[in-house]
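Subject: Handing over a structure, with notes

Dear colleague,

I am passing on a structure for you to look through, and my notes come after it. Please keep it open beside this message while you read.

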Amino acid sequence: MTSLLTYTLKYLPSTSQWTLRFSMRPLSCSSQLRAAAAVQAKSKRTLAKPNLRNIVVVDGVRTPFLLSGTSYKDLMPHDLARAALSGLLHRTSVPKDVVDYIIFGTVIQEVKTSNVAREAALGAGFSDRTPAHTVTMACISSNQAMTTAVNLIASGQCDVVVAGGVELMSDVPIRHSRKMRKMMLDLNKAKTLGQRLSLISKFRLNFLSPELPAVAEFSTNETMGHSADRLAAAFAISRLEQDEYALRSHSLAKKAQDEGLLSDVVPFKVPGKDTVTQDNGIRPSSLEQMAKLKPAFIKPYGTVTAANSSFLTDGASAVLILAEEKALAMGYKPKAYLRDFVYVSQDPKDQLLLGPTYATPKVLEKAGLTMNDIDAFEFHEAFSGQILANLKAMDSDWFAQNYMGRKAKVGSPPLEKFNIWGGSLSLGHPFGATGCRLVMATANRLQKEGGQYGLVAACAAGGQGHAMIVEAYPK
């Protein structure tokens, strides 16, 4: 990536004041409980807080993440969610009747299973007396599921919670037009033939035009890709730099997949089809091939393409979260502690995708850490331009002072610690399921690399964001 963030303003169609500032900025690169607290990786202090329960993640799984329209295309969302829950049960051997609560995140809801958490739980064989609910917060929906689980345990209401997320982009609800829906509802209420004929006489062919779903902001009517293109231009990020970062993501994901590092993936036997064993969107290409693609959103001069954007993905994930004392009493060796977390919101038009920039310094301050303390970074990759813009913003005193009201920059993560097993650009991004993948990637990396602290961060539609500190469980 020799030319990352080296192109200058003259190559970019932007007059934003951000461009003037960022065009030349480089990327800088019980007794058991007492024993657990006493032994910490790298001898760093633990983030345990007095009089608060320690909350741990024992393990987590996900179905293979697949390109929409492929092997999962004939399923329903609860099928994938059920598969993730079944995989978690098999991986952890947790007794179903011990689980106090189940929470799932999703974004585009199937109307037949609006509370997909409940339907998936019943399908996976959990007790009908185990409550379950579904949350939605765009791309951080499963993050919200996990932090809701943390709060339930911290407050003492629960000891064992399963959190997860699911998305099935292969079959999204496509509605009739509002005029057609109104006519159909009115026809259903009509009592006489005359009333029905009167309503039918008002029918027009344009009533049949469907309302297609779009990844767009309701408040601004702008697609996320269009916003990403503007953000890349504002931070003077070239097409080549975005393609280079996307190639990095796919190459690292392929390496991780080949080396068996993506251990959270569990096989899924698709009814009537073969068993799916791995993600199918990991496709390392070449910069030459990527350069041939046309802009996807702002034409003809945009820099965001299909190659440097995350793709529409089907998949589900689930994690087992417990109070530490409960986990140890059940004989588990947890993988990590879930520590401090924050949610942020900012301008949904010009700062739609900058959630990590705003959330990272807040969660570090809350935990009493600095960027240098973090051993593993896992950020959601919606677009290459979004990632690179966040890294630039995080490394800018000017942005921190003028937009965030902070005295100084937080600093950008070193790339050797950043998304080194690939990210959403390559692994895929089922909107409601990505958060759990981020947390498990962080926990597994900390275990393998011997690190202690990990930082998970993600942007989301609506100009929102999330960050969480994950602490390795002592070996």
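This is a predicted model: local features need pLDDT of at least 70, side-chain atom pairs count only at pLDDT 80 or more; totals for chains, interfaces and linings use all residues.

Residues are numbered from 1 along each chain as its sequence is written, and side-chain values use heavy atoms, with hydrogens and water left out.

I begin with the cysteines. The structure holds zero disulfides, a disulfide being a pair of cysteine sulfur atoms within 2.5 Å. For C436, which is in no disulfide, the nearest cysteine sulfur belongs to C139 and is 14 Å away. C436 counts as buried because its relative accessibility is 2%; here buried means under 20% relative accessible area, exposed means over 50%, and partly exposed lies in between, with a 1.4 Å probe and protein chains only. C459 is in no disulfide either, and its nearest cysteine sulfur, again that of C139, is 6.3 Å away. With a relative accessible area of 1%, C459 is buried.

Over residues 332-471 the chain is 36% helix and 21% strand, with the end C-alpha atoms 17 Å apart; helices (H or I, at least four residues) and strands (E, at least two) are DSSP runs.

The aromatic residues follow. A search of the whole structure finds eleven aromatic pairs, where rings of Phe, Tyr and Trp (its six-membered ring) pair if their centres lie within 6.5 Å, and planes under 30 degrees apart count as stacked, over 60 as edge-to-face and the rest as tilted. One of them joins F203 and F207 edge-to-face, at 5.7 Å centre to centre and with 80 degrees between the planes. F203 is partly exposed at 28% relative accessible area, whereas F207 is buried at 10%. W398 and Y403 also form an edge-to-face pair, at 5.7 Å centre to centre and with 65 degrees between the planes; W398 is buried at 11% relative accessible area, while Y403 is partly exposed at 27%. W398 and Y403 belong to one aromatic cluster with F235, Y358 and F399.

Finally, R62 lies over the face of F65, at 4.4 Å from the ring centre, and K366 lies over the face of F341, at 5.6 Å from the ring centre. A charge sits over a ring if NZ of Lys or CZ of Arg is within 6 Å of the ring centre and within 35 degrees of the ring normal.
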